Amino acid sequence: MLMQSARPLGELENPSEFIPRHIGVSEADERHMLSVIGEASRRALVEGIVPRSIARATDMKLPPATGEAAALAELRAVAAKNRVVKSFIGQGYHGTHTPGVILRNILENPAWYTAYTPYQAEISQGRMEALVNFQTMVCDLTAMPIANASMLDEATAAAEAMTLAKRSVKSKSNVFVVAGDCHPQTIEVVQTRARPLGIEVKLANSGPQWEELLAGDFFAVLAQYPATSGRIDDLRGDVAKVHAKGAGFIVAADLLALTLLVPPGEWDADIVVGSTQRFGMPMGCGGPHAAFPACRDEFKRSMPGRLVGVSVDTHGNPAYRLALQTREQHIRREKATSNICTAQVLPAVIASMYAVYHGPQGLTRIAQRVAAYAAIPVRGLETLGYQVRNTEAIFDTISLKTDAQTPVLVQRAPDAGMNLRRAWDDYLLVSLDETTTREDITKLWTVFADGKPVPAFAEFEKGIEPLIPQELRRTSAFLTHPVFNTHHSETGMLRYIRGLSDKDLALDRTMIPLGSCTMKLNATSEMIPITRPEFAHVHPFAPADQLQGYAELDAQLRAWLCEATGYAGISLQPNAGSQGEYAGLLAIKAWHESRGDAHRTICLIPSSAHGTNPASAQMAGMQVVVTACDDNGNVDMDDLRAKCEQHSANLACIMITYPSTHGVFETQVKELCALVHQHGGRVYVDGANMNALVGVAAPGEFGGDVSHLNLHKTFCIPHGGGGPGVGPVCVVEDLVPFLPGHASADGKQRPVGAVSAAPLGNAAVLPISWMYCRMMGAEGLKHATETAILSANYISVRLRDHYPTLYASPNGHVAHECILDLRPLKENSGVTAEDVAKRLVDYGFHAPTLSFPVPGTLMVEPTESETLEEIDRFIGAMIAIREEIRRIEAGEWPQDDNPLKNAPHTAQSLLKGEWTHAYGRDVGAAVLDERRHAKYWPPVGRVDNVYGDRNLFCSCVPMSAYE
Ligand SMILES: *Cc1c(COP(=O)(O)O)cnc(C)c1O
């Protein structure tokens with residue numbers, strides 16, 4: 001055989017091997033796409049689109065791209081700098097065993113983690129069933145009537161509960177009473193959130209202080225159950241006192257404890273919040289985990305976040321959908337009750353599956369074991385001469401008065417492989433969990449024994465009982481629905497999980513061309529590190545020397561993101577884009593205050609903005625003034641000039657999105673920034689569209705003062721069906737001191753406090769973005785941006801004659817997404833954008849973004865990761881649908897009975913005996929030749945939104961409904 005001529009070693013060792021794996025468009029495809037668009041090169045295309053005035057002067061300075069194996073090895077070395085020790089810290093974060101069947105088939109399964117928020121109900125039935133299980137689980141355990149489909153963390157859930165109470169109760173007081181025995185990070189976030197709203201937080205230790213405050217004036221109280229110190233307070237007497245004042249009672253509760261304790265709903269609490277972390281989600285240095293709010297029925301229409309409800313489809317069968325969407329910030333804008341958008345869906349699904357797998361008996365057994373194990377060290381420690389507090393009522397946490405010995409013990413513990421929690425200087429707290437073993441307890445005693453004989457576990461084992469007083473023990477049943485009592489074998493569980501994901505469309509089956517959401521590849525190599533023990537099993541409040549790996553990851557990622565954005569400082573603490581917005585606005589506000597300009601509170605927001613912008617401004621205590629857009633969709637500069645002048649003295653900032661939500665690079669952005677600066681305001685650039693900018697232009701260079709990024713859009717963290725996300729807040733030099741802090745972690749007070757429960761927010765998913773940057777390098781990231789722009793323009797041109805693009809720059813080009821205008825179709829065919837969205841389901845696609853930012857349109861964002869083949873398949877489907885619309889226009893099919901109005905078609909509806917429609921069953925099925933063997937069948941027909949809102953029902957469907 002003839003040997004091929006040898007290539008130089010450098011060519012064989014290709015450090016950029018990942019770039020063509022991430023970017024779906026090959027060089028040959030690119031030439032073809034450019035010829036369709038009519039441009040000579042990718043560079044020329046991009047240079048004609050991105051205004052020269054804002055183009056980056058220099059390339060990003062990032063480490064050169066490296067291959068998948070090398071990047072994984074490098075990150076492994078970073079991870080190794082974290083130290084995994086047994087955590088007895090508690091404080092809302094506990095060891096947990098993620099059942100293997102859930103770990104592999106959900107947390108590590110792209111069918112679950114690459115899904116989008118279930119706005120398109122028909123292709124999201126599987127994950128919505130899991131979320132309804134989550135809601136039911138929370139309702140049952142708390143004994144509250146209604147719960148939503150997750151919040152970002154326990155601390156922000158408590159802060160949201162505070163404002164929910166403020167909106168909902170009779171009391172007009174501005175005082176919020178918080179028990180001092182709540183988790184410190186919860187108190188800190190509540191204080192951050194209360195400040196700009198003029199709410200006064202009064203902290204009270206239990207005893208006389210608490211009694212005194214309850215005798216005063218307030219609109220709500222927050223107490224922890226069990227308390228952060230472990231004590232279980234009987235709060236029943238206090239609820240009546242609070243209600244007598246027309247105020248609300250909020251309880252932060254531990255769901256595992258509630259399997260054994262009388263739940264707050266049974267003693268008339270108004271709102272219950274908490275974390276579901278210990279239901280199978282690793283601690284991950286603080287996140288992501290799903291938190292929850294549950295509330296009384298009267299509050300439900302003002303509850304923040306997303307609620308999954310049960311409705312019916314066109315065939316009269318039960319079907320899930322997002323309920324009460326009118327509460328959502330993107331519709332209510334400055335009237336929104338919360339800015340929450342991306343939540344924690346994937347962790348919520350995991351927590352719900354943990355309950356499905358273990359069932360009520362399994363959960364109770366786990367809780368009883370934890371409680372029994374907690375009773376044992378109490379005895380052992382007393383034998384060793386320690387003074388253990390509250391032994392009459394605890395669940396999992398022991399509190400010891402250790403006085404001068406406290407620091408010695410805290411320091412000694414890690415050498416024995418464990419962390420203890422120091423609280424109030426002279427106390428030690430020891431928290432047990434599902435993973436605690438007999439050996440762990442013996443080791444714990446060894447630390448405390450300090451040379452004395454160590455007690456033997458067996459000595460105390462006999463007759464041990466949880467230290468929960470009789471009157472606080474739960475007697476009511478929970479999780480009685482069949483779903484929590486069926487899938488207890490691994491085979492059964494595996495099939496339940498698989499059955500649900502088979503109902504859904506995620507990125508593992510089709511492109512998801514959702515404008516503004518950037519549904520790009522979430523590469524497997526990026527995902528692999530997140531479940532490494534060194535990242536997954538560390539506590540957010542472990543000693544700093546054990547978190548060196550996370551510190552390095554944080555520092556490197558921040559440095560790279562500074563390069564990408566042109567900013568001077570970044571905090572990775574915000575755990576969603578909306579939280580980044582909030583943190584950024586707080587920075588601007590605090591900066592004005594630091595200069596004696598506290599009156600500068602006007603926030604200008606163009607009418608095209610994403611709804612979270614005005615909602616965040618509202619929460620930051622700013623007044624929103626909406627500015628107009630012109631006919632081309634750009635910010636109307638004359639209107640802006642007028643509003644700047646009108647509000648000059650009180651102007652805090654403007655919030656713009658760049659490129660705009662209309663998918664266009666506005667050419668006057670530099671003038672816009674200069675104008676706002678001239679009037680003493682700062683410029684907030686919403687970074688959700690950074691996928692059109694990375695490597696090409698940097699907001700920190702062209703006039704932005706603050707931005708947030710959505711790492712779950714531009715930087716490859718998967719959407720998880722609606723979270724987790726990471727929303728870093730990025731600022732210019734003079735705003736760096738106003739980035740969020742975290743006194744609970746480092747004791748330092750800063751102008752802006754904590755915005756998330758954990759110092760590093762959703763820390764455990766940061767390795768994803770780190771891997772992406774490391775494998776792409778500066779060249780790869782820029783190439784990705786240019787390809788995203790190329791693909792959007794290719795689609796816009798190919799669909800031009802079928803669906804015109806609404807907004808474009810003067811040369812006819814768009815940015816990384818394009819808005820297809822479907823409004824004119826209505827007139828002659830009765831077809832709406834929603835009909836096209838649903839018909840795409842028949843063709844096996846997830847619809848583009850529907851009716852945002854312009855009603856009656858579809859916004860398409862292909863991203864750089866889609867192959868030309870998939871893009872062409874989408875274009876083919878869109879054209880086929882346009883042909884169908886032409887048949888309606890021609891009168892061939894009635895306007896109210898055609899494949900679009902009846903979409904999506906279930907297999908059942910196509911197979912049923914009688915077929916009365918004007919089109920054939922084969923037309924309804926929309927099986928394109930190339931998909932003959934891989935047709936997606938929606939599990940339900942079109943879901944009735946109105947019915948669901950009129951008949952709000954948000955927990956598991958009784959089996960009888962399916963009969
Ligand atoms: C996605 C998005 C947000 C909100 O981000 P979340 O992470 O969902 O909170 C804000 N602005 C724009 C333009 C967006 O597209």
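Modeller: Two strands pair if DSSP finds at least two bridges between them, and strands (E, at least two residues) and helices (H or I, at least four) are DSSP runs numbered from the N terminus. This is a predicted model, in which local features need pLDDT of at least 70 and side-chain atom pairs count only at pLDDT 80 or more, while totals for chains, interfaces and linings use all residues. Residues are numbered from 1 along each chain as its sequence is written, and side-chain values use heavy atoms, without hydrogens and water.

Biologist: What is the strand order in the open sheet of four strands?

Modeller: The order is β11-β12-β15-β14, with antiparallel pairing. At the edges are β11 (387-389) and β14 (421-423), each of which pairs on one side only.

Biologist: How many bridges join β14 to β15?

Modeller: Three bridges join β14 to β15 (residues 427-431). Arg-422 has Leu-428 in β15 as its bridge partner.

Biologist: Now the ligand: how many residues surround it?

Modeller: The ligand is surrounded by 14 residues, where near means that a heavy atom lies within 4 Å. Thr-342, Ser-516, Asp-686, His-712 and Lys-713 are the closest.

Biologist: Which part of the protein gives the largest share of that shell?

Modeller: Helix α23 (residues 577-594) does, with three residues.

Biologist: And where does Gly-577 lie relative to the ligand?

Modeller: A backbone N or O atom of Gly-577 is 2.7 Å from a ligand oxygen atom, a polar contact being a pair of N or O atoms within 3.5 Å. For Ser-578, a backbone N or O atom is 2.8 Å from an oxygen atom of the ligand.

How values were computed. A polar contact is a pair of N or O atoms within 3.5 Å; within protein, one must be able to donate a hydrogen and the other to accept it, and residues adjacent in sequence count only if both atoms are side-chain atoms.
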